[in-house]
Amino acid sequence: MATTPPAAPDASDTLTTQPSVSYDRNTRLSSILPPLIFGTATFNHQYNSDPFALDTVGLVSNALTHGLRAFDTSPYYGPAESLLGTALATPFVRTTFPRSSYFLLTKVGRIVATEFDYSSQWVRASVARSLQRLHTDYLDVVYCHDVEFVSAAEVLGAVKELRRIRDADHTIRYVGISGYPLDVLGSLAELVLRETGEPLDAVMSYANFTLQNETLAGPRGIGRLRAAGVDVVPNASPLGMGLLRREGVPVGALGDFHPASRELRSAVRAASDFCDRYGERLEVIALRHALESWLEAGAAVGSRGDPASGVPWARESNEQVGGTKLGVSVIGVSRAPELEKTMLVWRSILDGLEGGRETAIKAGRWSRAYEWSSNRKRAVQILKEGVQEVLGDWVDYTWASPPPGFVNQRGANAGTNEAARAGKEESKVVVEEVDAPWLTPAASPEPTEVGDELRDEKSIPLR
């Protein structure tokens, strides 16, 4: 069901067109990237039975009006890039939020679950397709996606190609890698620095700073990445890809995709029951803990961009909430109530930072929001300790990625043959669409209004 984007305030008293973010070739990503990023992995068949039935236009418009200024996506996320691009191309967004006022982060290399292609030909074609889908002439950040599934040489080659595109075509501004195993991420960051003399701009880790696993904050995580010169380390999937929810892992059209074992899921269920006994939901505690704690734990590899603290229709600075760098998080939602709840949590967290008292009042929130936020932080910390007691040996546990026996079905040189078949017309997008057993826009059912009795259950973030 389509949602009408919120109307911009009258120009007589507030801004109706958002100001641009200042950028030149020497600008460090950490000086401009917002600390909260809207992730679109949920615009996919892993997390939802039919992403085309989601009100993605309304979600993106509401995210922008809430102050979110960065969107993370990937070609691997099914229709996510196209859905995001369509939402950003609406007249409301185009007239109110110029392209230079927000960030687009996407990825290359992962095609489907068992297929990867890091060849130069594929990288070029994938970047061209992302530009087309997102209706933009540049991408702020491009990651090599899930680097643990391919060889170090393939990753190094893809990073070099992305940097060549950055320097020659100027359609990319920053280059990074993403993945799960911290040892692999650290090793590759060191390799890139050693072989090229230039550190990575960003390394995105997921599910490694959560209520269950906080290893990203330690020496194997940001300690090693900082030593390799990495500028920004976003923490994605604060709910562990949906593991840390009372309802359990979200199951979309592709079935149960989550790698967590039955035993780990059972332990998480016990932790959820523990939270229930104290009148809390596991996912609420997990979300607040990850977002709030990473602001400080990830500050050394954080950013100084717009914090989205809620001052209406204004581009903000983190000088309003203390001025230091803030750890960057990526959140994923599918519905408006999830976004609303996440932003309430986020702004309550910011209220507790230095300068938060004044910002809360300026944003029209309670004059004692700073005090409430500080008390809430202590309560969440106590429950976090209780949850980790329940989890026991599962604290800081990580699953294998890639799984044992994984074989890349595409192979290292697939892109070369495909580029040749394309007749060397690299100005055109030559990446084929992968056949998938899911719905298309034409086949999608009309979305229905969620009943009041389900709204609370539907207002929980998925990732």
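Tutor: Let's begin with A299: leaving aside its neighbours within four places in sequence, A299 is in contact with W294, K325, L326 and G327. This is a predicted model, where local features need pLDDT of at least 70 and side-chain atom pairs count only at pLDDT 80 or more, while totals for chains, interfaces and linings use all residues. Residues are numbered from 1 along each chain as its sequence is written, and side-chain values use heavy atoms, with hydrogens and water left out.

Student: What makes K325 a contact of A299?

Tutor: Contact means heavy atoms within 4.5 Å, and K325 is one of the residues listed for A299. The C-alpha atoms of A299 and T324 are separated by 7.7 Å, although these residues are 25 apart along the chain.

Student: Why does A299 count as buried?

Tutor: Buried means under 20% relative accessible area, exposed over 50%, and partly exposed in between, using a 1.4 Å probe and protein chains only. A299 has 19% relative accessibility, so it counts as buried. You will find A299 in the loop between α9 (282–297) and β10 (329–332).

Student: Is H170 buried or exposed, and how do you know?

Tutor: The relative accessible area of H170 is 56%, so H170 is exposed. H170 sits in the loop between α5 and β7, and its phi is positive, about 60°, although H170 is not a glycine.

Student: What about S237, and how do you know whether it is buried or exposed?

Tutor: S237 has 0% relative accessibility and therefore counts as buried. S237 also has a positive phi, near 55°, and is a residue other than glycine. Its place is the loop between β9 (235–236) and α8 (262–277).

Student: How do you describe two packed helices?

Tutor: By the angle between their axes and the distance between the axes. Axes are lines fitted to C-alpha atoms, for helices over the stretch in contact, and angles run from 0 to 180 degrees between N-to-C directions.

Student: And why does the pair α6 and α7 get its orientation label?

Tutor: α6 and helix α7 (residues 219–227) pack at an angle of about 0°, with their axes 9 Å apart. That makes α6 roughly parallel to α7, since angles under 35 degrees count as roughly parallel, over 145 as roughly antiparallel, 65 to 115 as roughly perpendicular and the rest as oblique. Residues of α6 including L182, L185 and A189 meet residues of α7, among them R220, G221 and L225.

Student: What makes a residue there nonpolar, polar or charged?

Tutor: Ala, Val, Leu, Ile, Met, Phe, Trp, Tyr, Cys and Pro count as nonpolar, Asp, Glu, Lys and Arg as charged, and the others, Gly among them, as polar. The residues of the contact of α6 with α7 divide into 6 nonpolar, 3 polar and 4 charged.

Definitions and conventions:
Helices (H or I, at least four residues) and strands (E, at least two) are DSSP runs, numbered from the N terminus.
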